[in-house]
Amino acid sequence: MYEKPFEAEEVQNYSQKCCVALVLDTSSSMAGESIDQLNFGIQSFLKEIRADTANLGQKLELGIITFDTAVTRVFEPQLAESLKFKPLSVNGTTMMVDGVREGIKMVSQRKQWYKQTGQTYFRPWVIMITDGDPDSDQQGELPKLAAEIRQGMDDEDFWFMAIGVTGAKMATLEQISHEKMEPRKLAGLKFSEFFRWLSSTIADVAKGQNVSDAMKKNSDDAWDGGFKI
Amino acid sequence: MKWDSFQFSLGGMLGPIMPKCQGCIRRQELIKRLEQQVEKLESEVAKLNLLLTPPDNPSQTVVTIDAVPPEAGWAHLKASVTGFGKASLQDAHDLTIEGEYAVLIVCDGAGSLKHSKAGADFVVKHLRDSFLELIKAGEAITQESWAERARALLLEASQALKSKSQSDRMNFGDFGCTCIVVLAGPDFVACAHVGDGRAGYLDASGHWRALMTPHKGALANSTVFMTMLEPASLEQLVRSKFVPVRTRAVVALSDGPEDVCWQVSTFDPSGQKVIDPNQPSNEFLGKIANQLAGATAKNVPQEKLDKLWQDFLREGTPKLKTQVDDKTLLLALRG
C-alpha cells in the first residue's frame, strides 16, 4: 500500500498586519495594584505574542496611548515582537474622550501608512481600559464620541472594545460602545487573563478568522466579569 | 593616509611602527573606539533590517518535472479541507478530465455569508457542466473567443444561482463565493475568474507562471463574488487570460493555501512598498508535481492520492496547519 505523504517547503511571504491601539487609563485611581497588574498583563501579552508559533509577532502592530490629565502616545504602532515596553505610571484625572479619539486617530494613520506602502491589513482594534468616568469637562463630548465610534464600526474602519475595571462607570462604556462589541467588565484585576484572551483572539483574526467567531472560540470565562445592563 | 596602511607600508622594512606622539595615540584610540561604535551600530541596523525587510523573491531555479506516461492522460491531485478550528467547509472544487482537456474549478464561499457553501457548490457544478458541454461540442476555443465565452458562462452560472435563490425565497447575496476556472487544452491554457485565489501553468522553460491576478482590496480577505455579476459589470468583474501554448501542468487554488506555494507579498526596495509579485513557487509546485509523477508511475489509485493530498493540505507545513481559511488546491500534470 502506497503511504508516502506529500511534502514541500513553504514559501516565505510578508505578513499581513493587524494594528491594535491600547488606550489605557493611567489616572490616579489606577494607582497601586491596578497599574501593577495592568503593567504585568501587558508584559505577559508581549511574551505570548513573541512565543506564538504562527508568527503573530510579525503580524501584530501594537500602539499604546495613556490618558490621565493628558493624552500621551507612549508607543507608536510597531511590531509587537520588537516593542520594548516600559511600565506605565499613574497621574491625575481621566481625559477618556481625548484618549479614545487619539486611539482612533492612531489606527487611522496606521491604515493610511499600510495603504501607502501597499500592505494589506486586518481591521484594526482600539481597546480602551478604564476604572473611571471621563472628567466632567469631557462628559459633554460623550454623545459625539459615541457617534464617531458607531460610524467607524459601521464603516468597518476599526473595532472598538471598552473594558471596565472595578470602579468604572459601565453605563458610560455602554453609551460609547457599538452593539457589535459590547463593553466588558474585568473580573477583579485579571489583566493577564484578559490579555491572554486578547492574544489568542487576535492570533485567530490574523490568521483570517472573522472577529465574532474568534471571540466566541476563545473562552473569556477567566477574566470576564459578566457585565450586562 | 590611514594609520594601518602607513604601518603596513613601512612595517616590512622597519618592523611595526609605533606612534610616539601622545596626540597620535589618543587620535588612534579615538578612531578605534569610533570604528567599534560604527560596527555595533551597523550590526544593530542589520538586525532591524532583518526584522523589517521581508524575504526576497530571488529569481527562481527550475525544478525539472519527471515525465508522466502518455497513457496516464492527466495525472492530478484535488482536495478541499476546512481551515484550522473551523466547523464546516466553505470551499468547493471540481477537476474533470475530458480527453486532452483538463478543467479545474475552485470556488471559495465567503466566510461571513450564511449560504456561501451552497453558492460555491452550485457554481462549481454549473460551470463543470457548461465547460464539459463546450468541450464535447468541439467548439474552437481561441484567443479571440475565450474572454467573451468565459464571461458569458460565468454570468450564466450567476444568473442560474440567482433564479434558484429566488425560487427558494432566499437572499441571493448570501450565496456569495469567488470562482476560478482553468481550462487546459491541446494547444492552449486559459483562465477566467471572479475574486481571489490563484491559478498558474508550467511554461516550456520549466517556470510556473501566474494565470490570473486576484481581485483584492486593501483590507485583508476583501474581494468580489459571483453574486455581484451583472451584464454591465461583467468586463470589470470577470478577468480572463488565454495563453496559446501546450502546457504540461496547471494549478488552481483558493486563497487559503496561497501563502504556502505562491510568492504573494514581498518588499520592493525601489518603491519602498510591499507588492504582490504573484509568482508561483517553482520549488513548491515542482516538488509536488514530481511526487505526483512518481506516484502515477507506481499506479497509486486516485482515491489514495487525493487522501494523501488532503492530509498534506490539512497539516503538511506549519502554515497549512494553522491556516484558518479553507484550503483547496488542484494540480493536473499532463502525461
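Residues are numbered from 1 along each chain as its sequence is written, and chains are lettered from A and ligands numbered from 1 in the order in which they are written. In this predicted model, local features need pLDDT of at least 70 and side-chain atom pairs count only at pLDDT 80 or more, whereas totals for chains, interfaces and linings use all residues; side-chain values use heavy atoms, with hydrogens and water left out.

Chain A contains 7 helices and 6 strands, where helices (H or I, at least four residues) and strands (E, at least two) are DSSP runs numbered from the N terminus. Read from the N terminus, its elements follow the order β-α-β-β-α-β-α-α-β-α-β-α-α. The C-alpha trace of chain A spans about 75 × 35 × 35 Å along its principal axes. Of the 229 residues in chain A, 56% are buried. Here, buried denotes under 20% relative accessible area, exposed over 50%, and partly exposed the range in between (1.4 Å probe, protein chains only). Among contacts (heavy atoms within 4.5 Å) in chain A between residues at least 6 apart in sequence, 74% join residues at least 24 apart.

The size of an interface is often given as the accessible area lost when the parts come together. Between chain A and chain B, the buried area is about 3400 Å², with carbon and sulfur atoms giving 59%; buried area is the accessible area (1.4 Å probe) that two parts lose on being put together, summed over both. On the chain A side, A:Tyr2, A:Phe6 and A:Tyr14 lose the most area to chain B and together account for 25% of what that side buries. The contact involves 35 residues from chain A and 47 residues from chain B.

The two chains are joined by 1 salt bridge, defined as a side-chain nitrogen of Lys or Arg within 4 Å of a carboxyl oxygen of Asp or Glu. A:Glu3 forms a salt bridge with B:Lys304, and the closest N and O atoms are 2.9 Å apart. Elements α2 (96–116) and β4 (121–130) of chain A each supply at least two residues of the side that touches chain B, and the largest share, 3 residues, comes from β4(A). By class, this side of chain A has 11 nonpolar, 13 polar and 11 charged residues; Ala, Val, Leu, Ile, Met, Phe, Trp, Tyr, Cys and Pro count as nonpolar, Asp, Glu, Lys and Arg as charged, and the others, Gly among them, as polar.

Within chain A, A:Glu48 is placed in helix α1 (residues 33–51) and is partly exposed at 28% relative accessibility. Neighbours within four places in sequence aside, A:Glu48 is in contact with A:Arg196 and A:Ser199. The side chains of A:Glu48 and A:Ser199 are joined by a polar contact of 3.5 Å. The C-alpha atoms of A:Glu48 and A:Asp68, 20 residues apart along the chain, are separated by 28 Å.

In chain B, B:Lys327 belongs to strand β14 (residues 327–334) and is buried, with a relative accessible area of 1%. A polar atom of the B:Lys327 side chain lies 2.7 Å from the backbone oxygen of B:Leu320. B:Lys327 and B:Asp108 are separated by 219 residues in sequence and by 9.0 Å in space, C-alpha to C-alpha. B:Thr247, in the loop between β8 (239–243) and β9 (249–253), is likewise buried, with a relative accessible area of 1%. The backbone oxygen of B:Leu202 is 2.7 Å from a polar atom of the B:Thr247 side chain.

Positive phi values in residues other than glycine occur at B:Arg169, near 55°, and at B:Asn278, near 50°. B:Arg169 lies in the loop between α4 (143–167) and β4 (179–184) of chain B and is exposed, with a relative accessible area of 79%. B:Asn278, in the loop between β12 (273–275) and β13 (279–280) of chain B, is buried, with a relative accessible area of 12%.

Methods. Polar contact = N/O pair within 3.5 Å; in protein donor to acceptor, adjacent residues only side chain to side chain.
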